[in-house]
Amino acid sequence: MAEELHLDTTLTKAEQYHQLLPQIEALTTGEPDLVANLANTVAALRQAFGFFWVGFYLVKDEELVLGPFQGPIACTRIRRGKGVCGSSWAQATTLLVPDVEQFPGHIACSSESKSEIVVPVLKDGQVVAVLDVDSDQLNDFDHNDQQALEQLMALAARWF
């Protein structure tokens with residue numbers, strides 16, 4: 001059976017998220033495979049918003065390891081506290097970065113990335129993964145992205 005998203009690009013960003021999140025929940029409900037759910041989630045986000053790069057990094061031992069993603073090739077491993085992703089993991093909080101060049105210790109996996117939002121996935125109070133979304137535009141993320149992606153990562157925590 002083919003899966004299909006129903007997207008209305010004439011809506012505001014907040015309305016688009018409001019339209020998309022229930023579709024991702026429906027797509028992943030009943031699917032027990034973590035990789036399938038992560039992969040469909042990043043595909044849906046990229047399809048809906050055209051993000052430059054969107055993907056998951058999974059906590060494995062003492063590193064973040066690249067998981068399912070959409071976009072150009074990426075850094076494979078990130079240490080705790082390093083770059084935006086490693087900092088989000090260490091702080092267990094969302095980091096919204098309007099200009100990655102201004103972020104101390106930014107890891108440039110792609111020189112085309114200009115702004116970024118990283119949202120941790122918390123399971124039983126521990127970060128088990130982070131969602132990383134990059135834009136090739138400065139200041140491309142706002143409170144609408146943060147609120148919706150945090151809500152989505154609360155759903156994602158159930159898959160772990």
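## Helix H3 and what follows

Helices here are DSSP runs of H or I with at least four residues, numbered from the N terminus. The model is predicted. Helix H3 takes in residues 83–91.

How much of H3 is covered? Most of the helix is, with seven of its nine residues buried. The buried residues are Gly83, Val84, Cys85, Gly86, Ser87, Ser88 and Trp89. E1, E2 and E3 (77–79) are among them, as are E4 (95–97), E5 and E6.

## Helix H4: length and faces

Helix H4 has 14 residues, 143–156.

Which residues of H4 are buried? They are Asp145, Ala148, Leu149, Leu152, Met153, Leu155 and Ala156. These residues cover an arc of only 145° around the axis, so they share the same side of H4. The other side of H4 carries the exposed residues His143, Gln147 and Gln151.

The helices include H1 (13–28) and H2 (34–49). The strands include E1 (53–60), E5 (115–123) and E6 (126–135).

## Helix H1 against H4

H1 packs on H4 at an angle of about 10°, and their axes are 10 Å apart. Angles under 35 degrees count as roughly parallel, so H1 is roughly parallel to H4.

The residues that meet can be listed by helix. H1 supplies Lys13, Ala14, Tyr17, Leu21, Ile24, Glu25 and Thr28. H4 supplies Asn144, Asp145, Ala148, Leu149, Gln151, Leu152 and Leu155. Several of the H4 residues in this packing are also buried, including Ala148, Leu149 and Leu152.

A side-chain oxygen of aspartate 142 comes within 2.8 Å of the backbone nitrogen of asparagine 144, at the start of H4. Aspartate 142 is also contacted through its own backbone. Its backbone nitrogen lies 2.9 Å from a polar atom of the aspartate 145 side chain.

Is aspartate 145 buried or exposed? Buried means under 20% relative accessible area, and aspartate 145 has 1%, so it is buried. Aspartate 145 lies in H4. Beyond residues up to four places away in sequence, aspartate 145 touches Lys13, Tyr17, Phe51, Ile117 and Asp140. Lys13 and Tyr17 are among the H1 residues that meet H4.

## Glycine 55 in strand E1

Glycine 55 sits in strand E1. Glycine 55 is buried, because its relative accessible area is 0%. What does glycine 55 contact beyond its neighbours within four places in sequence? Its contacts are Val42, Pro68, Phe69, Val130, Leu131 and Asp132.

Valine 84 is 29 residues from glycine 55 along the chain, and their C-alpha atoms are 13 Å apart. Valine 84 is one of the buried residues of H3.

## Loop aspartates with positive phi

Aspartate 61 is not a glycine, yet its phi is positive, at about 55°. Aspartate 61 is in the loop between E1 and strand E2 (63–70). Exposed means over 50% relative accessible area. Aspartate 61 has 74%, so it is exposed.

Aspartate 124 also has a positive phi of about 55° without being a glycine. Aspartate 124 is in the loop between E5 and E6. With 73% relative accessibility, aspartate 124 counts as exposed.

The loop between E4 and E5 contains serine 113 and valine 100. Serine 113 has a relative accessible area of 4%, so it is buried. Which side chain makes a polar contact with that of serine 113? The partner is the side chain of aspartate 134, at 2.8 Å. With neighbours within four places in sequence set aside, serine 113 contacts Phe52, Val100, Asp134 and Ser135.

Valine 100 is buried too, because its relative accessible area is 1%. With neighbours within four places in sequence left out, valine 100 contacts His106, Ser113, Lys114, Ser115 and Glu116. Arginine 46 is 54 residues away from valine 100 in sequence, and their C-alpha atoms are 20 Å apart.

Conventions: Residues numbered from 1 in each chain as written. Predicted model: local features only at pLDDT ≥ 70, side-chain atom pairs only at ≥ 80, totals over all residues. Heavy atoms only, no water. Helix = DSSP H or I, 4+ residues; strand = E, 2+ residues; numbered from the N terminus. Expected span 1.5 Å × (residues − 1). Buried < 20%, exposed > 50% of the residue type's maximum accessible area, 1.4 Å probe, protein only. Arc of directions from axis to C-beta. Contact = heavy atoms within 4.5 Å. Polar contact = N/O pair within 3.5 Å; in protein donor to acceptor, adjacent residues only side chain to side chain. Axes fitted to C-alpha atoms, helices over the stretch in contact; angles between N-to-C directions. Parallel < 35°, antiparallel > 145°, perpendicular 65-115°, else oblique.
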